[in-house]
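Student: Hi! I have a new structure open and would like to look around it with you. Could you help me find my way?

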Amino acid sequence: MKKWILVAILIVTMAQPVYATEITAPEAPDSAAALMPVEQKTFGEDLWHVICSAVEALEPDIAQCSGICLCVIGTVMMISILGSFPGKSKSVTELAGAVAVACLLLGSAYGSISAAAETVQQLSDYGKLLLPAMTTAVAAQGGLTSATALYTGTAFFDTILGSLISWLLLPVIYAYLVLSVAAAALEIDLLGKMQKFLKWLTSWGLKIIIYIFTGYMTVTGVISGTADQATLKATKMTISGMVPVVGGMLSDASETILISAGTVKNAVGIYGLLALIAVAIGPFLRIGIQYLMLKITASVCEIFGSKRITGLVSDVSGAMGLLLAMTGTMCLLLMISTVCFLKGVG
């Protein structure tokens, strides 16, 4: 009898309550929460909701950018007319034109740079909250080694890319715009060469990060599988055309997301992917509209404007392209990592 009492006491003493904790994705930032669906359905339906909500919010930006572009075209036309009058100094006229166009464009360019910087920071901050949740989900299902490799690599590249953009590439964009205005106003070849070097530095900085990141993912064995070839080809072509500078490389990396599309069944992963897209899509579309409209404006100005002033418009458009590349790279890096985690969650 004493033995049974001792066994009962031992069982009661050693027994510990077990709690099941549900792993949930962190809430989307305030800037993205308005685009998120109220109730989660399928990933495709929720993604369409996010895209439509972002497009509906673009109307004021389209109107503002259209007005600026029309003012630029009018200014370039006026400068062209004044420069054709006899007795007028063409160099002084073009200097005034470059200053006028710069005043019209640099305000919106500064707003786009600030939006890109804020978006990159928000993506990085949200990734730091999302990835630990995904790591926990994978580790809980026995994938401790793969979860550790994924989290370590993603956290490292997220930190490197965020720091590179914030501390180097964004200041380079400011310097690029300053050199563009100076080159258009003063027509000094050296300034133009310095400007091209800065653009090359920015584009290759992003490309190197993508090369190393996708290489790491390949070596760790998380990039594998098959996808519908028609869908894959269409999406890769779309990304390649939409994102300047690094569009081709991002389109190749997007194969990872499409390959793993069938694994997006986990609620944490679905919400996390949608939140990442919701954070990036608004600023990405606004900057993209400026990029496209300035490209069109530069093409129109080439018909009657001087090469110097037209080049300035084209250079500002190029700066918008670099901003698109930065935000697109940061977002896709985190999306690839999230999908790779989902392959381990099931």
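Student: How far apart are phenylalanine 197 and tryptophan 200 in helix H7?
Tutor: They are 3 residues apart, so about one helical turn separates them. Helices here are DSSP runs (H or I, at least four residues), numbered from the N terminus. This is a predicted model, where local features need pLDDT of at least 70, side-chain atom pairs count only at pLDDT 80 or more, and totals for chains, interfaces and linings use all residues. Residues are numbered from 1 along each chain as its sequence is written, and side-chain values use heavy atoms, leaving out hydrogens and water.

Student: And how are the rings of phenylalanine 197 and tryptophan 200 arranged?
Tutor: They are stacked, because their centres are 5.9 Å apart and their planes meet at 25 degrees. Rings of Phe, Tyr and Trp (its six-membered ring) pair if their centres lie within 6.5 Å; planes under 30 degrees apart count as stacked, over 60 as edge-to-face and the rest as tilted.

Student: Is phenylalanine 197 buried, exposed or partly exposed?
Tutor: Phenylalanine 197 is partly exposed, at 46% relative accessibility. Buried means under 20% relative accessible area, exposed over 50%, and partly exposed in between (1.4 Å probe, protein chains only).

Student: How many aromatic pairs are there?
Tutor: The count is 2. Tyrosine 110 and tyrosine 174 form a tilted one, 6.2 Å centre to centre with 45 degrees between the planes. Tyrosine 110 sits in helix H5 and tyrosine 174 in helix H6, so this pair ties together parts 64 residues apart in sequence.

Student: New topic: what is the mean pLDDT of the protein?
Tutor: It is 76 (pLDDT is the predictor's confidence in each residue, from 0 to 100).

Key
Helix = DSSP H or I, 4+ residues; strand = E, 2+ residues; numbered from the N terminus.
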